Amino acid sequence: MYTPKFMTVFKPVCSLGRNLNPVAKGVLLGLYMGGSAALAQGLPELNDSAALVMNAEQEKMFGQQVMLSIRSQGRFSEDRLLLDYFTRLAYELVRHSPRDFGQPKVALAIDPAINAFALPGGYITVNTGLIQNTRSEAELASVVAHEIGHQSQRHISRRIERQKQMTLPATAALIGGLLIGGEAGKAAMVTSQAAVASDQLAYSRTFEREADATGMNIMAAAGYDPEAMPVFFSQLEAQSRLYGGLVLEFLSTHPVSSDRVADGRSRASRINPAPPPDPPSADRLDYIHAEARTVAFYDEPVSRVIEQFDHARNDTQLSLAARKANAYGLSLAYMRNTQYPLAADTLRALREAEPENPVYALAEAELAYVSGNTVLAIEMFETMYKGNTAHPAYIDGYARSLIQAEKYASAIRILRKAIRHHPEMGWAY
């Protein structure tokens, strides 16, 4: 895929609703915006003290509440093909987590920032900007695994616990300073506030070290090269030197140092990864096609996207697979820009080269749908759906085409079946 001009500036996806507890707001923002230091060489033995703050069921309820608030205020993709890709990636990582997450509930935030986060209850959110700025599935997995590491180590509960531990002494010192008055009182108040800030920073860095260490172990168990994590950090460090202020905000909340990169490489050299994950089946997206689809539908402006894909599909320095993925992205960008004849021509060339590729066949059906050729769209989606009634993109396309043709009873029948068998997909129209 083409290389973005620069890494985008970090900005948190989540803007918490007013209905959340103020402590919860501070905890969540602190957890995902906390600093990082060198990779931890070991992980703590988790005791039951964090469970006194929130038990497993309360953590799930907390995660659900936060996720509902986030979804109500952000922009999220409903692209079933991309969601299926990220869900499968997340599942491969989650099932190797030290703590059982169950079936992950994945969301794709339409945001150019490089970010991902996980919440208790199996909620995992990935930004579109993350996949656009990674160069391999292993790098993408490294960020998701890091966030899963936060949850496996119960960092939210532990932060709340620590914040409660620090509140009483800090409050006592503050009141004491007010009572003393004068310069001595001011000094006491400043000292108490500085102590709390210093403690929280140290605690955040500890959490980051734990998340790095846990994430690398998760990656290796899932078959990904753990060195991808320090490699990605190294990329960010290089980008910061090249573009300066454009990435300083991201690096100020996720500090990357040569020591951290070196420690990461050292840890990776001591971890033996499992055999790599099996390649996706024919009708599933692979990494390069998922990246192309994300860029085609969500990068801005679409005119620049088209120009870059058009150039990259003919770049002989790229592999044949990469050139095809860029052609696929070009067809989708044409589709997004309502240039339907050009989209059809590009897809036709891909289908001639790979007539059995179901991902390209799906793109043709999507083109029929968005261009208003409802009869053809129904015919194509029905064929794919009958071949695989569990495929989320086939279900979605077939149902939408039936709705477009005002065949509501048939669409409801398809969706009811999907809800019974795949309730986690949240089918809603």
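Okay, some ground rules. This is a predicted model, where local features need pLDDT of at least 70 and side-chain atom pairs count only at pLDDT 80 or more, while totals for chains, interfaces and linings use all residues. Residues are numbered from 1 along each chain as its sequence is written, and side-chain values use heavy atoms, leaving out hydrogens and water.

So, what's the idea? Side chains of opposite charge can pair when their charged atoms come close. Here, a salt bridge is a side-chain nitrogen of Lys or Arg within 4 Å of a carboxyl oxygen of Asp or Glu. Searching the whole structure turns up 18 salt bridges.

Take Arg-293 and Asp-79: their closest N and O atoms are 2.9 Å apart. Arg-293 sits in helix α12 (residues 287–298) and Asp-79 in the loop between α3 (56–73) and α4 (80–94), so this pair ties together parts that are 214 residues apart in sequence. Helices here are DSSP runs of H or I, at least four residues, numbered from the N terminus.

Are these two buried or exposed? Buried means under 20% relative accessible area, exposed over 50%, and partly exposed in between (1.4 Å probe, protein chains only). Arg-293, at 2%, is buried, and Asp-79, at 11%, is buried too.

Now look at Arg-95 and Glu-92, which pair at 3.3 Å between the closest N and O atoms. Arg-95 is partly exposed at 48%, and Glu-92 is partly exposed at 24%.

Last stop: Arg-284 and Asp-283 meet at 3.8 Å, N to O, and both are buried.

Notes
Helix = DSSP H or I, 4+ residues; strand = E, 2+ residues; numbered from the N terminus.
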